[in-house]
Amino acid sequence: MGARSKYRKRAVDVLYEADLRDADAVTLLSGRVGSPDVPPVNDYTIALVEGITANRTRIDELISEHAEGWTLARMPAVDRAVLRLGVYELLWAADVDDAVAISEAVELAKQLSTDDSPRFVNGVLDSIARIAVHLRAAL
């Protein structure tokens, strides 16, 4: 697993925990930065959690629009976290290629979620990626 993949997984872990606790992900993460009780938090993980949190309303709207037959509340929490990461990297992370953003999210779904999740995550993100140019222009 590459360095950025590890940072993405850590961001998903924080997003997942915040979702389950109904807590703010940035606040949760800030309690860990510099803590001697946990491994150091990388800047990329911080940037992901902050970016996803800042754009969460729009990210969740897009997921809801493109997750055919699924509401956010009905999705497994880990799938929500992975999709939020994927959408954020697709639309706001200019240094991440669309194919990489999708591939990394699918890999996280394979590692962390159900057998059906990778295909679901791929389908939602692929649908968003097809219109990403237009979506980025509107940001």
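Arg8 is found in helix α1. Helices here are DSSP runs of H or I with at least four residues, numbered from the N terminus. Arg8 is buried, with a relative accessible area of 3%; buried means under 20%, exposed over 50%, and partly exposed in between, with a 1.4 Å probe and protein chains only. The model is predicted: local features need pLDDT of at least 70, side-chain atom pairs count only at pLDDT 80 or more, and totals for chains, interfaces and linings use all residues. Residues are numbered from 1 along each chain as its sequence is written, and side-chain values use heavy atoms, with hydrogens and water left out.

**Arg8 and its neighbours**

- Contact means heavy atoms within 4.5 Å.
- Arg8 touches Tyr44, Leu48, Leu85, Glu89, Val96, Val100, Glu104 and Leu108, leaving aside residues up to four places away in sequence.
- Arg8 takes part in the contact of α1 with α6. Arg8 is also among the α1 residues that meet α3.

**Helix α1 against α6**

- The axes of α1 (residues 3–21) and α6 (residues 98–112) come within 11 Å and cross at roughly 60°. α1 is therefore oblique to α6.
- Axes are lines fitted to C-alpha atoms, for helices over the stretch in contact, and angles run from 0 to 180 degrees between N-to-C directions.
- Angles under 35 degrees count as roughly parallel, over 145 as roughly antiparallel, 65 to 115 as roughly perpendicular, and the rest as oblique.
- The α1 and α6 crossing is right-handed. A crossing is right-handed if the near helix is turned clockwise from the far one by less than a right angle, and left-handed if anticlockwise.
- From α1, the contact uses Ser5, Arg8, Lys9 and Val12. From α6, it uses Val100, Glu104, Leu108, Gln111 and Leu112.
- By class, the residues of this contact are four nonpolar, two polar and three charged.
- Ala, Val, Leu, Ile, Met, Phe, Trp, Tyr, Cys and Pro count as nonpolar, Asp, Glu, Lys and Arg as charged, and the others, Gly among them, as polar.

**Helix α1 against α3**

- The α1 and α3 axes come within 8 Å and cross at roughly 45°. This makes α1 oblique to α3.
- The crossing of α1 and α3 is right-handed.
- On the α1 side are Arg4, Tyr7, Arg8, Arg10, Ala11, Val14 and Leu15. They meet Tyr44, Thr45, Leu48, Val49 and Ile52 in α3.
- This contact of α1 with α3 has eight nonpolar, one polar and three charged residues.

**Helix α4 against α7**

- The axes of α4 and α7 come within 9 Å and cross at roughly 110°. α4 is therefore roughly perpendicular to α7.
- Leu62, Ile63 and His66 in α4 meet Val124, Ser127 and Ile128 in α7.
- The contact of α4 with α7 has four nonpolar residues, two polar and no charged ones.

**The nonpolar core**

- In soluble globular proteins, nonpolar side chains tend to be buried together.
- The largest nonpolar core has 45 residues. Such a core is a set of buried Ala, Val, Leu, Ile, Met, Phe, Trp, Tyr and Cys residues joined through side-chain atoms within 4.5 Å.
- Val82, Leu83, Val87, Leu90, Val121 and Leu125 have the most contacts inside this core.
- At least two residues of this core come from each of α1, α2 (25–30), α3 (43–54), α4 (56–66), α5 (77–91), α6, α7 (117–130) and α8 (132–137).
- α5 gives the most to this core, with nine residues.
- Leu83 touches Ile63, Met75, Phe120, Val121, Val124 and Leu125, not counting residues up to four places away in sequence.

**Other buried residues**

- Arg80 lies in helix α5. Arg80 counts as buried because its relative accessibility is 12%.
- Arg80 touches Asp19, Leu72, Ala73 and Met75, again not counting residues up to four places away in sequence.
- Arg80 and Leu15 are 65 residues apart in sequence, and their C-alpha atoms are 8.7 Å apart in space.
- Leu135 lies in helix α8 and counts as buried at 12% relative accessibility.
- Beyond residues up to four places away in sequence, Leu135 touches Arg58, Leu62, Leu91 and Ile128.
- Leu135 and Arg84 are 51 residues apart along the chain, with their C-alpha atoms separated by 15 Å.

**An exposed loop residue**

- Asp22 is found in the loop between α1 and α2. At 72% relative accessibility, Asp22 counts as exposed.
- Most residues other than glycine have a negative phi. Phi of Asp22 is near 55°, a positive value in a residue other than glycine.
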